[in-house]
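Have the structure open while you read.

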Amino acid sequence: MKRVCFLLCLILCLSSVTVFGAGGDTAEYVYDKVSESSVSSVGGEWALTGLVRSGYNLPEDYGDGYISALTAILDEKNGELSRKYTDYSRVLITLAALGKPFGIVGKYNLLEKLEDVRRVTAQGLNGSIWALIALNACGSNSAVIENYRNIIISIQNPDGGWSFSEGASDPDMTAMALTALAPYKEMYSDAVDKGVAFLRNIIDENGRFSYGGTESSESSSQVIIALCSLGISPFGFSKNGGESAYDGFESFKNPDGGFRHTNETDTSNQMASEQALLAYAALKRFKSSAASVFDMSDVDGEAFSDISDIKGREKIEYLAKRGIISGKANGIFAPDDFITRAEFATIAVNALELQPESESVFADVLPGDWFFSTVCAAFEHGIVNGVSETEFLPNELINCEQAAVMLAGAAEVCGVEPSEDVNVPYFYKDLRISDWAAGAFDFCLKCGIFENTDGNYEPGKSVTRAEMAVMIYNLLEVGNKL
């Protein structure tokens, strides 16, 4: 009996070594080929992300070298990285892996690029998939996330798969779509189940996948990443007792740790090896029940450099990690800057994860404006009314009275009711609050959205970014949305 137990333990240990140790030589291979950080789809971001997420012991200045190279390119191109918006998504994923989820590089905010749905989707399904993966990696709560999810779901093929264009479903696009939808697998369980069933249907007896008649390691890598992201074991993923997806993946590996593009050649391929390293990182994280390879919630992001000694720092950092608020250029939050009515309404809508609206409401809120859908959504849900029936004045600074009205409307969406047992501090009794805002002001004080011990919510005073963050955090807290 002891011998049997010993053999079982040995088998389990060897299995663990296979998963955790096998990727080490691939990491060595990739690092040897990419000894200096660069901005590139091959030899750049995927290599760096794979090394970081697999736990490879990189030199301390390796990530800094990448940031410097990226900054130099952005400076040279006036903040425009590429016409291909998947390049922005790839860069943002790497920044998040390095602990920079806000997408701030020098004076440029790259996360804003993914707000342009029209340009992102110009690359077809690929654009939407990687934008969604990148936004999730950055912890974003942007309203455009719903757009990308809907696009992906809407063009799933009848066989359960996805395709790059209007052709037959293929394993690569199906796997990438499933990776993008993994954080929402309960919400879209039917689509996810059909996608997984499609992959199981097309896996061959060798555990490999064919794209355009060719079996490639990249296809296997993408399937491994998707399965691990969904919490499905690649070690048992097969058809009719054939080899598993993991076995098929390993069949492309060379003795030097690199991966072949196909089994028709003996030469290791850099792109194939980088994708394989990401797959190994996904496997390692799956086996240890850690966050998936593109889920950066386990990464310690850097704090804004200008909020270390201000009240509300922890609340600002919490909202930033969730993607509800973002910083400005050079990694600062600018806590003392004032905020506009459109910005405040947009943050409230994003914080409550309300669906964007496309119906025009105000004459000064137009379809081409960055805040159009969020201000319309805020109006639809009773968060904003406007300064008149036709005007919203989106670019005007918001004051405490106006903020109170928006916050009271947002709290109503959350079902918040103020306690009548709470007394409003005496120093608010003599404030000249406008009749239209008095009820909302009192509401925010009584339910704790305004921290009423400060006495600094003067009705006509413009709201700073730091004050806005505290208000929004308090709204989420009393609305049980944290």
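## Helix packing and buried spots

Helix 16 (residues 400-413) packs against helix 17 (residues 435-447) at an angle of about 65°, and their axes are 8 Å apart. Axes here are lines fitted to C-alpha atoms over the stretch in contact, with angles running from 0 to 180 degrees between N-to-C directions. Helices are DSSP runs of H or I with at least four residues, numbered from the N terminus. The crossing of these two, helix 16 and helix 17, is left-handed, that is, the near helix is turned anticlockwise from the far one by less than a right angle.

On the helix 16 side, the contact includes C400, E401 and L407, while helix 17 brings in W436, F441 and F443, among others; contact means heavy atoms within 4.5 Å. The residues of this contact split into twelve nonpolar, one polar and one charged.

This is a predicted model, where local features need pLDDT of at least 70, side-chain atom pairs count only at pLDDT 80 or more, and totals for chains, interfaces and linings use all residues. Residues are numbered from 1 along each chain as its sequence is written, and side-chain values use heavy atoms, leaving out hydrogens and water.

Now for some buried residues (under 20% relative accessible area, 1.4 Å probe, protein chains only):

| Residue | Relative accessible area |
|---|---|
| C138 | 3% |
| C376 | 3% |
| I324 | 4% |

I324 sits in the loop between helix 13 (313-321) and helix 14 (341-351). Leaving aside residues up to four places away in sequence, I324 touches N141, L319, I347, A351, I472 and L476.

Definitions and conventions. Nonpolar A, V, L, I, M, F, W, Y, C, P; charged D, E, K, R; others polar. Buried < 20%, exposed > 50% of the residue type's maximum accessible area, 1.4 Å probe, protein only.
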